[in-house]
Amino acid sequence: MVAAVFRRTLSFPNPSLSRQSKPPAKTYHVRSISLPCRPHPLISQLKDEIKELRAWESNQLGERTSAWLCDGLVRLKTVHGSLDDILQLPQTQELLRRQPAAVEKLLEDFLGFVDVYGRFQTAVLAFMEEQLAAQVAIRRRDEPKAAQFVKCQKKMEKEMRKLVSTVRSAGRFPNCEGELISIIRDVNHVTILVSVALFNGVSSSSSSRRFQWKGLRLTKKAKREKVEECIQEFQEVGMEIFCGLKKKGDEEVRIGLKRMHALESCINGIELCSERVLRSLLNTRVSLLNILTQ
């Protein structure tokens, strides 16, 4: 019987198999100051709201009424509400904490917005009191008392001019890149647009009338700009309502009171909507301040 012979062999590990047995290398993600490739639904929603608000401001068809102005204020409040929701997102807060200079500028801008809307509220409330007193004066045919309302209109116009100048100086954003900063810059821009329309609408209404009373000559372009900025309810309350009250008939007085009642409703609506905008501005500023301090 022939015995079996076994030969020893040397085996080497398969290089490919040895590489596969090693644990996978760790992956690292590079963070960016921009928003993710797939934006949060709130981002898309805010962009749409900003687009609609710009379309509202550029609409020149028909006369500008208090209803048109209140619609713009409601839209502006919605924009700031959406921005505040975005500021609550953890990824948003992380991005902004890396840019403290930009947040500081935002806080400064929103402080300016809060200030002008607070001053507007004070001026409107004082105007409402004078307007109610003027209605009583018209009923009593008290010309000296009614003339005080004309002085109030001039004071209101002067204050509105100051507010327009102040709000137009806001929103000068520092040189920062990123989609989030761009969106906030757009919010600031539409805030200025609506605010200027609000302040000019209230002040230009009385100023356009006063130009006619004084007999000043305006160019066609200036007249057209005045008409476009006026709120219809303010235009309909001219100085003629308060002149010669003792000589006017009952029907003329009734028409004057009807216009004053319409103006009262107009002011009430504007005051309510602007107060809501003020609250939304305060909420957004508090959110920004929390991001900076936490």
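This is a predicted model: local features need pLDDT of at least 70, side-chain atom pairs count only at pLDDT 80 or more; totals for chains, interfaces and linings use all residues.
Helices here are DSSP runs of at least four residues, numbered from the N terminus.

Figure 1. Of the 294 residues in the protein, 41% are buried. The protein exposes about 17,700 Å², and carbon and sulfur atoms supply 54% of that area. Now look at who touches whom: among contacts between residues at least 6 apart in sequence, 86% join residues at least 24 apart.

**Figure 2. Helix α3 meets helix α10.** Here you see α3, residues 66–87, packed with α10, residues 250–293. Two packed helices are described by the angle between their axes and the distance between the axes. For α3 and α10, the angle is about 15° and the axes are 9 Å apart. Angles under 35 degrees count as roughly parallel, so α3 and α10 are roughly parallel to each other. Their crossing is left-handed. If you sort the residues of this contact by class, you get 14 nonpolar, eight polar and three charged.

**Figure 3. Zooming in on Thr-284 of helix α10.** Thr-284 sits in helix α10. Is Thr-284 buried or exposed? Its relative accessible area is 0%, and buried means under 20%, so Thr-284 is buried. Leaving aside residues up to four places away in sequence, what does Thr-284 touch? The list is His-80, Leu-83, Asp-84, Leu-87 and Phe-110.

**Figure 4. Helix α5 lies against helix α6.** This view has α5, residues 100–140, alongside α6, residues 143–168. The two pack at an angle of about 170°, with their axes 9 Å apart. Angles over 145 degrees count as roughly antiparallel, so that is what α5 and α6 are to each other. The residues of the α5 and α6 contact divide into 15 nonpolar, four polar and five charged.

**Figure 5. A closer look at Asp-109 in helix α5.** You'll find Asp-109 in helix α5. With a relative accessibility of 3%, Asp-109 counts as buried, because the cut-off for buried is under 20%. Also pick out Ala-170 in this view: in sequence, Asp-109 and Ala-170 are 61 residues apart. In space, how far apart are Asp-109 and Ala-170, C-alpha to C-alpha? The distance is 5.6 Å.

Key. Residues are numbered from 1 along each chain as its sequence is written. Side-chain values use heavy atoms; hydrogens and water are left out. Buried means under 20% relative accessible area, exposed over 50%, partly exposed in between (1.4 Å probe, protein chains only). Contact means heavy atoms within 4.5 Å. Accessible areas come from the Shrake-Rupley method with a 1.4 Å probe; for residues, only the protein chains shown count as cover. Axes are lines fitted to C-alpha atoms, for helices over the stretch in contact, and angles run from 0 to 180 degrees between N-to-C directions. Angles under 35 degrees count as roughly parallel, over 145 as roughly antiparallel, 65 to 115 as roughly perpendicular and the rest as oblique. A crossing is left-handed if the near helix is turned anticlockwise from the far one by less than a right angle, and right-handed if clockwise. Ala, Val, Leu, Ile, Met, Phe, Trp, Tyr, Cys and Pro count as nonpolar, Asp, Glu, Lys and Arg as charged, and the others, Gly among them, as polar.
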